[in-house]
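My notes are below the display.

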Amino acid sequence: MPESRKRKKHGRVVEEDTSISSWTDGIPLSPPWWAPTFVTFLLLGLVWLVVYYMSGGLYPIPRVGNWNLAVGLGLMMVGFIMTLRWR
């Protein structure tokens, strides 16, 4: 198949752009402890909720009652928000 002609701009041939830059070039990478930390928050929140449901509300903290759900979901939300900042 024949190659199409290059467009001219003001009598000059436009040069091809051979360098492709990624949109992530200027974004710094996350520190190495970032991923294990957010995975730990996600799993800790999940374990917190499972323990709460399996124990019938007696554990992990008996006196706070249904606020154990808020604690478990809060831990999971911290982990989820950390995943959004992971590079």
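The entries go from the whole chain to single residues.

**Entry 1: ground rules.** I am working with a predicted model, in which local features need pLDDT of at least 70, side-chain atom pairs count only at pLDDT 80 or more, and totals for chains, interfaces and linings use all residues. Residues are numbered from 1 along each chain as its sequence is written, and side-chain values use heavy atoms, with hydrogens and water left out.

**Entry 2: the whole chain.** I looked up the secondary structure and found 2 helices and 2 strands. Helices (H or I, at least four residues) and strands (E, at least two) are DSSP runs, numbered from the N terminus. The order from the N terminus is β-β-α-α. Next I checked burial: 15% of the 87 residues count as buried. Buried is under 20% relative accessible area, exposed is over 50%, and partly exposed lies in between (1.4 Å probe, protein chains only). Then I turned to contacts, meaning heavy atoms within 4.5 Å. Among contacts with a separation of 6 or more, 59% link residues 24 or more positions apart.

**Entry 3: the helix pair.** How do α1 and α2 pack? I read an angle of about 160° between α1 (residues 34-54) and α2 (residues 67-84), with the axes 8 Å apart. The axes are lines fitted to C-alpha atoms, for helices over the stretch in contact, and angles run from 0 to 180 degrees between N-to-C directions. The two helices are therefore roughly antiparallel. That scale puts angles under 35 degrees as roughly parallel, over 145 as roughly antiparallel, 65 to 115 as roughly perpendicular and the rest as oblique. The crossing of α1 past α2 is left-handed: the near helix is turned anticlockwise from the far one by less than a right angle, whereas clockwise would be right-handed.

I then listed contact residues. On the α1 side they include Trp34, Phe38, Phe41, Trp48 and Leu49. On the α2 side they include Asn68, Val71, Leu75, Gly79 and Phe80. The contact divides into 18 nonpolar residues, 6 polar and no charged. Here Ala, Val, Leu, Ile, Met, Phe, Trp, Tyr, Cys and Pro count as nonpolar, Asp, Glu, Lys and Arg as charged, and the others, Gly among them, as polar.

**Entry 4: Asn68.** Is Asn68 buried or exposed? I found Asn68 in helix α2, buried at 0% relative accessible area. Beyond neighbours within four places in sequence, Asn68 is in contact with Trp48, Leu49, Tyr52, Tyr59, Pro60 and Ile61. Two of those partners carry a note of their own: a cis peptide bond joins Tyr59 and Pro60, with omega about -5°. Pro60 sits in the loop between α1 and α2.

Entry 5: Val71 is in helix α2 and is partly exposed at 34%. Pro36 is in helix α1 and is partly exposed at 46%. Pro36 and Gly79 are 43 residues apart along the chain, and their C-alpha atoms are separated by 10.0 Å.

**Entry 6: Ser30.** Which residues does Ser30 touch beyond its neighbours within four places in sequence? I found Arg85, Trp86 and Arg87. Ser30 lies in the loop between β2 (12-13) and α1. Its relative accessible area is 18%, so Ser30 is buried. A polar atom of the Ser30 side chain lies 2.9 Å from the backbone nitrogen of Arg87.

Definitions and conventions
A polar contact is a pair of N or O atoms within 3.5 Å; within protein, one must be able to donate a hydrogen and the other to accept it, and residues adjacent in sequence count only if both atoms are side-chain atoms.
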